[in-house]
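Colleague: I would like to learn how to read salt bridges in a model. Can we work through some cases?

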Amino acid sequence: MYPNTRLRRTRQADWSRRLVRENALSVNDLIWSVVVSDTADPIEPVAAMPGVERLSLSALAKAAKEAQDLGIPAMAIFPHIDPSKKDDEGSEALNRDGLVPQAIKTIKEAAPNLGVICDVALDPFTTHGHDGILDGDVIDNDATVDRLIEQALVQAEAGCDVVAPSDMMDGRIGAIREALENEGHINTMILSYAAKYASGFYGPYREAIGSAAALKGDKQTYQMDPSNRDECLREVELDIGEGADMVMVKPGLPYLDIVRALSDAFPVPVYAFQVSGEYAMIEAAAANGWIDGDRVMMESLLAFKRAGAAGIITYFAPRAAKLLG
Ligand code: PBG
């Protein structure tokens with residue numbers, strides 16, 4: 001009891017604060033999310049995400065080298081394709097010479113020690129902007145899974161290290177794992193977006209990859225209800241059983257309770273995705289002088305570590321890495 005106990009004693013100096021510090025952010029925690037485009041030349045700003053650009057392949061090569069030099073472990077790539085290449089079934093996702101396979105090869109050539117993570121989902125490639133194939137108004141789960149298997153194989157063949165299904169179809173992790181094993185891609189990791197919520201925080205991303213104008217309806221029949229917590233435990237249990245190596249929570253900061261619940265419950269690495277809307281909010285407030293952007297960026301990233309995340313997918317990765325430098 002006070003005065004014998006004074007919690008301010010250990011806070012009084014920098015050295016003692018550092019000594020009692022419970023969590024720390026390091027460059028090893030950062031995965032850089034980048035948007036690659038087949039139309040940008042060499043870069044094209046994303047209006048809702050100041051500081052984020054759609055990168056051409058040549059700009060991507062430069063970014064990959066920068067990431068490797070900064071010690072960032074991995075890059076997660078998201079494609080923006082010319083609308084003329086989109087169709088109802090997202091066929092372009094299966095093109096072995098498409099943008100994503102080219103981007104994987106570009107990164108591997110420029111920065112051989114950088115991990116490459118690819119989104120498995122059809123939304124950048126469909127005219128309707130959904131992650132799967134429509135049967136009338138309904139996303140057909142099993143027909144979609146068949147396509148996702150092919151998409152994941154195309155990525156693995158191109159040299160992708162980690163396939164990250166973000167589509168939320170049932171059964172896709174097991175199906176993708178089996179296909180990877182059968183095709184000899186036994187070392188390709190699966191990072192499952194296991195707890196992905198139907199969120200308004202993805203707005204700027206949909207502009208970035210060009211699916212916003214296309215999207216008809218919403219994604220509530222496949223992404224999780226923001227009201228639910230227990231359900232994330234079931235999602236993750238299934239995905240681990242099906243062969244996921246790592247799992248993800250998305251969005252990030254508004255869902256730190258989910259990160260904590262999963263990291264307490266399961267002995268697998270749990271990642272958090274600081275999504276486009278979170279990035280946009282911090283940048284918008286900073287641009288108005290309402291918050292200190294760098295400080296809030298670092299505080300938000302540290303919060304993921306405190307919640308138990310093994311790492312964070314973030315558009316801030318290079319900026320944070322430089323500050324950690
Ligand atoms: C969809 C996908 C989304 C994001 C990554 N993959 C959005 C969505 O579900 O519509 C969002 C990323 C972000 O907001 O930064 N496959």
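Colleague: Which side chain meets Lys-108 in a salt bridge?

Modeller: Keep in mind that this model is predicted. The general idea comes first: side chains of opposite charge can pair when their charged atoms come close. Here Lys-108 pairs with Asp-161, at 2.7 Å from N to O. Lys-108 sits in helix H3, and Asp-161 in the loop between helix H4 and strand S8, so the bridge ties together parts 53 residues apart in sequence.

Colleague: What does Asp-131 pair with?

Modeller: Lys-219, with 2.6 Å from N to O. The cut-off for buried is under 20% relative accessible area. Asp-131, at 0%, is buried. Lys-219 is buried as well, at 5%.

Colleague: Which residues form a network with this pair?

Modeller: Asp-123 joins Asp-131 and Lys-219 in a network of salt bridges.

Colleague: Where are Arg-172 and Asp-239 in the chain?

Modeller: Arg-172 is in helix H5 and Asp-239 in helix H7, 67 residues apart. Their side chains form a salt bridge at 3.5 Å, N to O. Arg-172 is buried at 1% relative accessible area, and Asp-239 is buried at 3%.

Colleague: How many salt bridges does the count come to?

Modeller: The count is 17.

Conventions: Residues are numbered from 1 along each chain as its sequence is written. This is a predicted model: local features need pLDDT of at least 70, side-chain atom pairs count only at pLDDT 80 or more; totals for chains, interfaces and linings use all residues. Side-chain values use heavy atoms; hydrogens and water are left out. A salt bridge is a side-chain nitrogen of Lys or Arg within 4 Å of a carboxyl oxygen of Asp or Glu. Helices (H or I, at least four residues) and strands (E, at least two) are DSSP runs, numbered from the N terminus. Buried means under 20% relative accessible area, exposed over 50%, partly exposed in between (1.4 Å probe, protein chains only).
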